[in-house]
Amino acid sequence: MTADLSQLVKAYDVRGVVPDQWDETLAELFGAAFAQVTGADAIVTGHDMRPSSPGLSRAFARGAAARGVDVTEIGLCSTDQLYYASGAFGLAGAMFTASHNPAQYNGIKMCRAGAAPVGQDTGLTEIRELVESWVDSGAPVSDATPGTITRRDTLEDYAAYLRGLVDLTSVRPLKVVVDAGNGMGGHTVPTVFAGLPLDLVPMYFELDGTFPNHEANPLDPANIVDLQKRVREESADLGIAFDGDADRCFVVDERGEPVSPSAITALVASRELAKHGGKGTVIHNLITSWSVPEVVRENGGTPVRTRVGHSFIKAEMATSGAIFGGEHSAHYYFKDFWNADTGMLAALHVLAALGGQEGTLSALVAQYDRYAGSGEINSTVDDQTARLAAIRAAYEGRTDVTFDELDGLTVATADWWFNVRPSNTEPLLRLNAEARDETTMTKVRDEVLAIIRG
């Protein structure tokens, strides 16, 4: 008999409730399966601040070591710190975190050496199948000599590496409020920012996987209210919020107003292109703003549009040799960081851009924020396919409209576009709309929502 792990193993990672859906026994099997599928003789592991993370991480290490794999544990870390270790040491890796999910959740983000992603099509399916086959009997005994499990601290090296990619030594002094949301930003920010001309105002830096102040998901407007208020109270130059595992960053300007992740993508893209002599490919997913490919072209680069999701972005970056990639969800990917996503490096770019001139952040990003966007709007539906067909039918007869189905359904004209994507895990449709002005965007958004929810 095999266990059904379909609710636990997602498209890009493992994620579920502890101990209801998984526990240390399963984590040990995942470690053994990871060792077998990757064929690695050495791996690196890390974990976030959730109460269940140290035990799950150590169980995974035991499972891998039993298959003859040497395990380097870097302990408490952000997800991008784990990617740093995977890239710098040339080791496959596993990060124990459930990112922004509530406290009862935990998960595993896995990668091959050089931070190359392990997803549904790159090994995760095989890992799941092995774990399912071993649930009742346990992993078969290996003939290999058991591997070692050793500890190594990488925080200082990670911080030095990032600071070597963005020069902040000559920027004007900036006052920055950082909301770590009781997540791993509270662990990494003090070391990364040490010695820089920054007046740091920390919020919720205490590591606490029960998230006592707010969810560590800065894309939900409710979770940045405290940061917005504090930026205004402190007369700060900007505010930065990190999610639970600190691989995403969200920015608010000196007024406490949110800065669109598309605007951050465009800003960082312009800086990365300048660094590479005005040449290079920049990846953006299909629901980032029109402003992103425009800015990329204006700065000499080549924009490439992809599906939503880090595995698609990372795969396209690897095949195209792209220098940078950005998503609407505040994930930012860098060639100089093994094509992996790092919110911290994006934050350093924003600080360098702001500190390298005398204006405000709102004035700086205005050139990158050119259109009116709806943000992502989720609707629960009974039949995703039928609703998508109804949307297409509603616009099919129009001569000014184009369609594409790269990811869900995108409908576009010269003045507006919208995309509707089905969730892979829930009965939801996700709508993003953009137009040249707010009135048009609102009209299009409401038209499509009426069809989705009709």
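Reply: The sulfur of cysteine 77 lies 11 Å from the closest cysteine sulfur, that of cysteine 111, which is too far for a bond. A disulfide is counted here when a pair of cysteine sulfur atoms is within 2.5 Å, and a search of the whole structure finds zero of them. This is a predicted model, in which local features need pLDDT of at least 70 and side-chain atom pairs count only at pLDDT 80 or more, while totals for chains, interfaces and linings use all residues. Residues are numbered from 1 along each chain as its sequence is written, and side-chain values use heavy atoms, with hydrogens and water left out.

Cysteine 77 is buried, with a relative accessible area of 0%, where buried means under 20%, exposed over 50% and partly exposed in between, using a 1.4 Å probe and protein chains only. Cysteine 111 likewise counts as buried, at 0% relative accessibility.

Lysine 279, by contrast, counts as exposed because its relative accessibility is 63%. Leaving aside neighbours within four places in sequence, lysine 279 is in contact (heavy atoms within 4.5 Å) with Leu273, Gly300 and Ile323. Lysine 279 and glycine 300 are 21 residues apart in sequence, yet 5.5 Å apart in space, C-alpha to C-alpha.
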